[in-house]
Amino acid sequence: MSRFLVIFLFIGQIYAQDTIQPLIQDSTKYDSLILKAGKLYLSSKDSIDTPVDYQARDSILFDMKKKLIYLFGAASIKYQTMELNADYIVIDMNTSVVVAQPVLDSLGLETGIPKFKDREQSFDAKKIKYNFRTKRGLVTEVLSKEADIFVHGEKSKFIANDSTNNGDHTIYNENGIFTTCNAVIPHYGIYSKRQKIIPNKLIIIGPSIVKILGVPAPPLMLPFGFFPISKNKSSGLLFPKNYVFDSDLGFGLQDVGYYFPLSDYYDLKVLTSIWFKGSYRVNLSSNYKLKYKYDGNVSIDFADLNREIPNDYRTTKNRTFKIVWAHTQLPGAHPYRSLNGRIDFSINPYDRLVNRDFKSVTNNTLNSNLNFRYAFPNSPFTLTAGINHDQNLNTRVLNLTLPSVNLTMATINPFKSKNSITQEEKWYEKITLNYNSRFINKISTFDSALFKKETLDKLQYGFTHNATMDVNFKLFKYVNLVPQIRYDEEWLFKHIDKKFNSDSIFIIDTNGVRVDTIYGKSDTIISNKFGALRTMSASLSMNTQIYGQLLAKKGWFRGIRHVMAPSISASFAPNYRKKPFN
């Protein structure tokens, strides 16, 4: 690392104390004196007052006759808050001007594109020429980014912040492009002859026109424009990404809309796509985030599509709907509660009708999984609830669990004494109790019939819970004896009756010829009726472990150690098909 002072001449270095005084007395012929690191330097009034740090990876060449410094290979310059990087930099100490530009590699390709950065302002360019003293520069083929906007300029003039421009950086562009497209050659944007950019504040343009894929859009002409830019979110119009053409839908504009920054924590984007043959699509999307808590996004799409039938005057009309919601709760956001998952749901397969790309056409299933968990404070109970969904896009059969709720209890000792530390544990204090319950609500239907009233009759729901009590005894110090009692109960809300109807006669014929005759049929009657099924069982198990070993007295073989774990168990449950249970 080296340091220099632009337009700096080493007039002399004074080390001896007795020579300093005469030089200072005769210093009127010099502009200024600088004392640094114990050395006295003399400089002219045109020199800058802050050292410039420079370095290069390959080499640094000094031309003292012309007062030029050449930096080769990954060169960089730092001056105050400014930083410049390129593969080739030339510093002119006469004029305080630095020139940066790329170099050609062995294949004739440019490497080391100049990059300029000053505080929050940064841009890349084909060539940068900058004056340290005036803090002004000339830039060729510049690309800068202001907030979410990319600004391209054929030729630019850069003025750093100082008192002459109210403390703001300013860029003046010639033949500029103002766009949100991040491609090297923008697919769309506002083209204008003159542009003025005040970073993080404002873009001012003169007469301009909107171009999409290089094609002018005559209705979208502007005599002038003001575009506020800021790192803070602001509302604004969203331009279409592209002209689109569909052989069935016709020409159209895709993703025209508006952006609403509703708060620091969430936003809203409204997009529409319009085709000239009467089809349209609407998309509402929102991102939300609370630092250290959670983040997610939600997107709702609706499309009304009119497609022409080939070689026919008629059209087909399709309406499709899709919702995607993803939510992530960050670890440590809440000690007892969590919510995570993703919902991906579609009616009348949206992606196949709207996107119609390879991935959309070949994707055959959609899945959703959203889970909520809550651990009750100072309690053994934990509640979990989930929504699950799977959908076959070929058969359009949809299986939905909405919701599935589980309540579980950690193992407890209900008869445990609070003073167990100070006294011997009783046998009944070893009794443990487990409990869990589950409610489930399921439906299987076609996606097109999901929101119809008759679908509610197909709901399958029920509630089940069970409790288990056991205790562990020691017999003869080495045998574990575990008696257990289990109780189960199911609550059912639909009653199914099957009856044989002997009066029904079915005649099977083919082309009027009787083939077979079936007498009677089985009738199934489903009614909404509550019922409960209760069962109980008991079991007894014993187990132990027997260890043995056989050791060798000498040699490399040390011995054999073996373990046996014999166990025996028995269980009992009543025959619930007989009386009194039936």
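Mentor: Before we start, one definition: a residue is called buried under 20% relative accessible area, exposed over 50%, and partly exposed in between, with a 1.4 Å probe and protein chains only. This is a predicted model, in which local features need pLDDT of at least 70 and side-chain atom pairs count only at pLDDT 80 or more, while totals for chains, interfaces and linings use all residues. Residues are numbered from 1 along each chain as its sequence is written, and side-chain values use heavy atoms, with hydrogens and water left out.

Trainee: What is the mean pLDDT of the protein chain?

Mentor: The mean is 79, and 83% of the residues reach 70 or more. pLDDT is the predictor's confidence in each residue, on a scale from 0 to 100.

Trainee: Where is confidence lowest, and where is it highest?

Mentor: Helix 1 (residues 17–25) is lowest, with a mean of 34, and strand 40 (residues 567–572) is highest, at 94. Across residues 1–43 the pLDDT stays under 50, and the model has 75 contacts for them beyond four places in sequence. A contact means heavy atoms within 4.5 Å. Where pLDDT is low, the predicted coordinates should not be read in detail.

Trainee: How many helices and strands are there?

Mentor: The protein chain has three helices and 40 strands. These are DSSP runs numbered from the N terminus: helices are H or I with at least four residues, and strands are E with at least two.

Trainee: And how much of the chain is buried?

Mentor: Of its 582 residues, 32% are buried. Among contacts with a separation of 6 or more, 47% join residues 24 or more positions apart.

Trainee: Which residues have the most contacts inside the largest nonpolar core?

Mentor: They are I77 and I89, in a core of 39 residues. There is also a second, separate core of nine residues, including I343, F345, L370 and L459. A nonpolar core is a set of buried Ala, Val, Leu, Ile, Met, Phe, Trp, Tyr and Cys residues joined through side-chain atoms within 4.5 Å.

Trainee: What does I89 touch?

Mentor: Leaving aside residues up to four places away in sequence, I89 touches I69, Y70, L71, A75, S76, I77, L84, V98, V99 and A100.

Trainee: Changing topic: how many salt bridges does the structure hold?

Mentor: It holds 11. A salt bridge is a side-chain nitrogen of Lys or Arg within 4 Å of a carboxyl oxygen of Asp or Glu. One of them joins E110 and K126, at 3.5 Å from N to O. E110 lies in strand 10 (residues 110–111) and K126 in the loop between strand 12 (121–124) and strand 13 (127–131), so this pair ties together parts that are 16 residues apart in sequence.

Trainee: Which residue forms a salt bridge with D301?

Mentor: R281 does, with the closest N and O atoms 3.1 Å apart. This pair links distant parts of the chain, 20 residues apart: D301 is in strand 27 (residues 294–308) and R281 in strand 26 (residues 280–290).

Trainee: Are those two buried or exposed?

Mentor: D301 counts as buried because its relative accessibility is 8%, and R281 is buried at 10%.

Trainee: What is the phi of D255?

Mentor: The phi of D255 is positive, about 60°, although this residue is not a glycine. D255 sits in strand 24 and is buried, at 11% relative accessibility. Most residues other than glycine have a negative phi, and most peptide bonds are trans.

Trainee: Which peptide bond is cis with omega near -10°?

Mentor: That is the bond from L402 to P403, and P403 lies in strand 32 (residues 397–412). Another cis bond joins K579 and P580, with omega about 0°.

Trainee: Finally, which residues form a nonpolar patch on the surface?

Mentor: L237, F239, Y258, F260, L262, Y265 and Y266 do, with about 680 Å² of accessible area together. Patches consist of residues with over 30% relative accessible area and no salt bridge, like charges being joined within 9 Å and nonpolar side chains (Val, Leu, Ile, Met, Phe, Trp, Tyr) within 5 Å. Accessible areas come from the Shrake-Rupley method with a 1.4 Å probe, and for residues only the protein chains shown count as cover. F260 is in strand 24 (residues 250–260) and is partly exposed, at 31% relative accessibility.
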